[in-house]
Amino acid sequence: MPAIAPLPPKPPIVHVRPIADALGDEGLFISKAAEKAAEHWEDRAQWILTHSRESDELDYESVPLDDAGTVRVRYKFAGKLEPMPYEWDD
Amino acid sequence: MTPFWIAHQGPDLAQGDLLPDCLVPTFDPQFGESGDAETVPFERGDLIVVTQSCDLANAKTRFVALCPIFTLERFEAFNSNFKTKGVWEEVRKGRREGLHMLAGTDEPENNRRALIVDFRQIYSLPFEYLSSRAAEIETRWRLQSPFVEHFSQAFARFFMRVGLPSAIPPFK
């Protein structure tokens, strides 16, 4: 019987609203501090989610090189591979 | 910030040499069997040398091992999960198997200009081809010490890893 896969975790939605009525230097200060706090919590949430995933989920696909063309070749048997000279370093 | 790269000129090769636009032929599984002329496709990519410098300097190898190197943008185009905040930081700290991050050749302090080496893809190209390719490039980039040793160690750690059939359960 097929099982329902759990939904992937999502970062919590953080709503921080600046105080609309706050004006002047103090209002600006509060508004900037709230913005900074929201950014901080969003970063933390994303970091925690990234770390909570299994390493397999963060696997990657190797990036292919760019196709650059083709060349016509005729293969020629150049002999069996021979060992390279091996020098002793005494 | 100590630069990762130094500008270099000439045909000599060393571990950590960045060689842009190298051509890599890809062979059909039946290549060479017919005896007739065949069409071989080739790809172009930026590669970094992983063969040890001492082997290259003493001409102890006919073929040179290289890994592909990409910009973050190019890598993200194929791996959108790497756009998630925190993933590149894991790579930067050397915690992502198979990947190694190097500072960009220009703007090294801008981490978005960093470069990513994929150790899973290893190409082997003839020494003479790479040497002539290196000579063609007016000024190229060479990874300098101790960054080249750090890079070499990361490659060695990846290559020597051992997969176990089972593991001790993690402590949570």
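This is a predicted model: local features need pLDDT of at least 70, side-chain atom pairs count only at pLDDT 80 or more; totals for chains, interfaces and linings use all residues.
**Entry 1: Asp21(B)**

Is Asp21(B) buried, exposed or partly exposed? I counted 13 other C-beta atoms within 10 Å of Asp21(B). A residue is buried at 20 or more such atoms and exposed at 12 or fewer. Asp21(B) is therefore partly exposed, since 13 falls in between. I then looked up where Asp21(B) sits, and found it in strand E2 of chain B, residues 17–25. Most residues other than glycine have a negative phi, and most peptide bonds are trans.

**Entry 2: Glu107(B)**

I looked up another positive phi. Glu107(B) is not a glycine, yet its phi is near 50 degrees. Which part of chain B holds Glu107(B)? I found Glu107(B) in the loop between E5 and E6. Glu107(B) has 11 C-beta neighbours inside 10 Å, so this residue counts as exposed.

**Entry 3: a cis bond**

Next I checked the peptide bonds. The bond between Ser145(B) and Pro146(B) is cis, with omega at about 5 degrees. I placed Pro146(B) in the loop between strand E8 (140–143) and helix H5 (147–159) of chain B.

**Entry 4: strands E5 and E6 of chain B**

I went back to the strands on either side of the loop that holds Glu107(B). How many bridges pair E5(B) with E6(B)? I found 4 bridges, and the two strands pair in the antiparallel sense. E6(B) covers residues 115–118. Across this pairing, His100(B) stands opposite Val117(B).

Then I asked which residues lie on each side of E5(B), residues 99–102. Leu99(B) and Met101(B) are on one side, and His100(B) and Leu102(B) are on the other. All of these are buried, so both faces of E5(B) are covered.

**Entry 5: Gly98(B)**

I moved to Gly98(B), in the loop between helix H3 (87–92) and E5 of chain B. Gly98(B) counts as partly exposed because it has 17 C-beta neighbours inside 10 Å. What does Gly98(B) touch, not counting residues up to four places away in sequence? I listed Asp118(B), Phe119(B), Arg120(B) and Phe158(B). I also checked Gln52(B), 46 residues from Gly98(B) along the chain. The C-alpha atoms of these two are separated by 18 Å.

**Entry 6: the nonpolar core**

I looked for the largest nonpolar core and found 33 residues in it. Which of them touch the most other members? They are Leu47(B), Ile48(B), Leu66(B), Cys67(B), Ile69(B), Leu102(B) and Ile116(B). Strand E4 of chain B, residues 63–71, supplies the largest share of this core, with 5 residues.

I followed up Ile116(B). Leaving aside neighbours within four places in sequence, I found Ile116(B) in contact with Ile69(B), Phe70(B), Leu72(B), Phe75(B), Val91(B), Leu99(B) and Met101(B).

**Entry 7: Ser131(B)**

Ser131(B) is in helix H4 of chain B, residues 127–136. I counted 16 other C-beta atoms within 10 Å, so Ser131(B) is partly exposed. Its contacts, apart from neighbours within four places in sequence, are Pro11(B) and Leu13(B). I compared its position with that of Phe75(B), 56 residues away along the chain. Their C-alpha atoms are separated by 27 Å.

**Entry 8: chain A**

I turned to chain A. Its secondary structure comes to 1 helix and 1 strand. Chain A has 90 residues, and 1% of them count as buried.

**Entry 9: where the chains meet**

How many residues of chain A are in contact with chain B? I found 21, which are in contact with 28 residues of chain B. Helix H1 (24–52) and strand E1 (66–73) of chain A each supply at least two residues of this side. E1(A) gives the most, with 8 residues. By class, the side of chain A that touches chain B has 10 nonpolar, 5 polar and 6 charged residues.

I then looked at what E1(A) pairs with. Strand E3 of chain B, residues 38–49, is joined to E1(A) by 7 bridges, and the two run antiparallel. Asp66(A) stands opposite Arg44(B) in E3(B).

**Entry 10: confidence**

Last, I looked up the scores. Chain B has a mean pLDDT of 94, and 100% of its residues reach 70 or more. For the complex, the predictor gives an ipTM of 0.81 and a pTM of 0.77.

How values were computed
Residues are numbered from 1 along each chain as its sequence is written. Chains are lettered from A and ligands numbered from 1 in the order in which they are written. Two residues are in contact if their C-beta atoms, placed from the backbone, lie within 7 Å. Ala, Val, Leu, Ile, Met, Phe, Trp, Tyr, Cys and Pro count as nonpolar, Asp, Glu, Lys and Arg as charged, and the others, Gly among them, as polar. Two strands pair if DSSP finds at least two bridges between them. A nonpolar core is a set of buried Ala, Val, Leu, Ile, Met, Phe, Trp, Tyr and Cys residues joined through C-beta atoms within 7 Å. pLDDT is the predictor's confidence in each residue, from 0 to 100.
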